Amino acid sequence: MKNFVVKTIANAVALAVAVWLLDKITLTGDSTGGKALTLIVVALLFGLVNSLVKPVVQVLTFPLFILTLGLITLVVNALMLLLTSWLADKLDVSFHVEGFWTAVFGGLIISIVSWALNVALPDHKD
């Protein structure tokens with residue numbers, strides 16, 4: 001359980017960095033606490049999308065992974081971020097990603113920050 005919480009918080013921080021760096025990724029809220037709660041909800045949605053949808057997409061696009069030497073990962077990560085934005089809109093969560101290229105750069109930022117945080121944070125076993 002601790003590992004899940006740590007990964008969710010790491011994703012929330014990574015999403016916050018992407019929101020901070022990119023103008024076209026927006027997060028609105030009444031207060032800092034409201035924004036933090038929204039980030040946690042979005043991090044949970046993002047984690048759910050990455051654990052359920054991403055593996056299926058990766059299997060279906062495996063030949064493209066080989067052909068592009070893995071660069072298609074940027075596109076897959078962007079699509080997962082756009083799907084998270086769409087789900088957030090449907091669930092009335094105030095998070096929005098505007099455009100494909102914003103999603104590509106946002107996915108890259110989130111991947112780098114999440115990786116760095118997961119390296120820096122201790123590995124908690126359930």
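This passage describes the overall fold of a predicted protein model and then a few of its residues. Local features were taken only where pLDDT is at least 70 and side-chain atom pairs only at pLDDT 80 or more, whereas totals for chains, interfaces and linings use all residues. Residues are numbered from 1 along each chain as its sequence is written, and side-chain values use heavy atoms, with hydrogens and water left out.

The protein contains six helices and two strands. Helices (H or I, at least four residues) and strands (E, at least two) are DSSP runs, numbered from the N terminus. Along the sequence these elements follow the pattern α-β-α-α-α-α-β-α. The C-alpha atoms fill a box of roughly 45 × 35 × 25 Å, taken along the principal axes. The radius of gyration, taken over C-alpha atoms, is 14 Å; this agrees with the value near 14 Å for a compact globule of 126 residues. The globule rule is 2.2 Å times the number of residues to the power 0.38.

Of the 126 residues, 35% count as buried. Buried means under 20% relative accessible area, exposed means over 50%, and partly exposed lies in between (1.4 Å probe, protein chains only). The accessible surface comes to about 7,700 Å², and 72% of this surface belongs to carbon and sulfur atoms. Accessible areas come from the Shrake-Rupley method with a 1.4 Å probe; for residues, only the protein chains shown count as cover. Contact means heavy atoms within 4.5 Å. Among contacts between residues at least 6 apart in sequence, 73% join residues at least 24 apart.

Asparagine 77 is part of helix 5, which spans residues 72-90. Asparagine 77 counts as buried because its relative accessibility is 11%. With residues up to four places away in sequence left out, asparagine 77 touches Lys54 and Ser111. The side chains of asparagine 77 and lysine 54 are also joined by a polar contact of 2.7 Å. A polar contact is a pair of N or O atoms within 3.5 Å; within protein, one must be able to donate a hydrogen and the other to accept it, and residues adjacent in sequence count only if both atoms are side-chain atoms.

Leucine 39 belongs to helix 2 (residues 32-52). Its relative accessible area is 12%, so leucine 39 is buried. Not counting residues up to four places away in sequence, leucine 39 touches Ala12, Leu15, Ala16 and Leu27. The C-alpha atoms of leucine 39 and valine 97 are separated by 13 Å, and these residues are 58 residues apart along the chain.

Leucine 121 lies in the segment after helix 6 (100-120). A relative accessible area of 35% makes leucine 121 partly exposed. Apart from neighbours within four places in sequence, leucine 121 is in contact with Val6 and Ala10.

Two loop residues were examined for backbone phi. Most residues other than glycine have a negative phi. Leucine 69, in the loop between helix 4 (62-67) and helix 5, has a positive phi near 55°. Leucine 69 counts as exposed, because its relative accessibility is 77%. Aspartate 92 lies in the loop between helix 5 and strand 2 (95-97), and its phi is positive, near 60°. At 72% relative accessibility, aspartate 92 also counts as exposed.
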